[in-house]
Amino acid sequence: MKGRLRGAMGTPHTVRHSLTILGLLVVAAELLLVLTDGLVAAATGLALITVAALFIGRYLGGAGAHDSGYRGSVRLLGSRAPALGDWPRVVRKALGEDGAIHFAVTLRPQLQRLFAARLAERHGVLLHHRPDRAGAIVGPDLWPWIDPRSTPPQSAIPEPVLRALLDRLETL
C-alpha cells in the first residue's frame, strides 16, 4: 500500500511530489473553510487559490518574459565577445588556412551568441532552450551551422554560407 501511494505522489523532492502535497493542502483548506465558515467562504477561498495558481503558472511558464519589464536583463552575451573591431580578424582566420579550428573555437560560438540575442530580442525564443523553434526561424539550410546540439556540416565554414548566415542575422 505504501509503495502504491508513493507511486501516485511521485518520489520525494520532485515537482510531481510537491504539486501533489500542495494539492492535498488546498483541498484540506477548502474543506476547513466549508466546515467552519460555509459555502461563501469556500467559494471565496477557491477564487483566491485559482488567481494565485494562475499567477504562479504564468510566472513559471514565462508568459511575461518577452520584454515585459518585470524580469532582469538576459545575459545572452555574458562572456567576452570580440568587439566589432575584432570581427575582420576573426572572419579572416575562420576562412583562412586553419579555418576549421578558428571556426569551431571562435566564430561559431560568436555566431551562436548573436543569433541567440536576436532570436530572444525579436522573437522571444531562447536558442538553447527551444532549439527546434529557433531552427525553424533561422531556416533549415543555415541552422546546422549554428545548432548548439550538434556539430556543423563541415569543419570549416565556406564563405557563401558565412555570408548567408550574416544576411539572415540582419533580417531576423
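Modeller: Along the sequence, the protein chain reads α-α-α-α-α-α-α-α. That makes eight helices and zero strands. The model is predicted. Of the 172 residues in the protein chain, 23% count as buried. The accessible surface of the chain is about 12100 Å², and carbon and sulfur atoms own 63% of that area. Among contacts with a separation of 6 or more, 44% join residues 24 or more positions apart.

Now the salt bridges. The structure holds four of them. In general, side chains of opposite charge can pair when their charged atoms come close.

Start with Asp132. Its partner is Arg149, and the closest N and O atoms of the two lie 3.1 Å apart. Asp132 sits in helix H6 and Arg149 in the loop between H7 and H8, so this bridge ties together parts 17 residues apart in sequence. Asp132 has 58% relative accessibility, so it counts as exposed. Arg149 is exposed as well, because its relative accessible area is 51% and the cut-off for exposed is over 50%.

Arg149 has another partner. It forms a salt bridge with Asp147, with 3.4 Å between the closest N and O atoms. Asp147 is buried, because its relative accessible area is 7% and the limit for buried is under 20%. Through shared partners, Asp132, Asp147 and Arg149 form one network of salt bridges.

A further bridge joins the side chains of Arg122 and Glu121, at 3.6 Å from N to O. Arg122 has a relative accessibility of 45%, so it counts as partly exposed. Glu121 is exposed, at 54% relative accessible area.

Next, the nonpolar ground. In soluble globular proteins, nonpolar side chains tend to be buried together. Here the largest nonpolar core has 24 residues. Those that touch the most other members are Leu107, Phe115, Leu119, Val138, Ile146, Ile157 and Leu165. The elements that give two or more residues to this core are helix H4 (87–95), helix H5 (99–123), helix H6 (131–138), helix H7 (143–146) and helix H8 (159–171). H5 gives the most, with six residues.

Val138 is worth a stop. Leaving out residues up to four places away in sequence, Val138 touches Phe115, Leu119, Trp143, Ile146 and Arg168. Of these, Phe115, Leu119 and Ile146 are also listed among the members with the most core neighbours.

Last, the other end of the chain. Helix H2 (residues 15–37) has 23 residues. From its first C-alpha to its last, H2 reaches 32 Å, close to the 33 Å expected at 1.5 Å a residue. Gly38 follows H2, and its phi is positive, near 100°. Val15 lies in H2. At 63% relative accessibility, Val15 counts as exposed. Together with Leu19 and Leu22, Val15 makes a nonpolar surface patch of about 320 Å².

Back to the part you asked about. Arg149 pairs with Asp132 and with Asp147.

Notes:
Residues numbered from 1 in each chain as written. Predicted model: local features only at pLDDT ≥ 70, side-chain atom pairs only at ≥ 80, totals over all residues. Heavy atoms only, no water. Helix = DSSP H or I, 4+ residues; strand = E, 2+ residues; numbered from the N terminus. Expected span 1.5 Å × (residues − 1). Core = buried A, V, L, I, M, F, W, Y, C linked by side-chain atoms within 4.5 Å. Buried < 20%, exposed > 50% of the residue type's maximum accessible area, 1.4 Å probe, protein only. Contact = heavy atoms within 4.5 Å. Patch = residues over 30% accessible without salt bridge, like charges linked within 9 Å, V, L, I, M, F, W, Y side chains within 5 Å. Areas by Shrake-Rupley, 256 points an atom, 1.4 Å probe, with all protein chains shown as cover. Salt bridge = Lys/Arg side-chain N within 4 Å of Asp/Glu carboxyl O.
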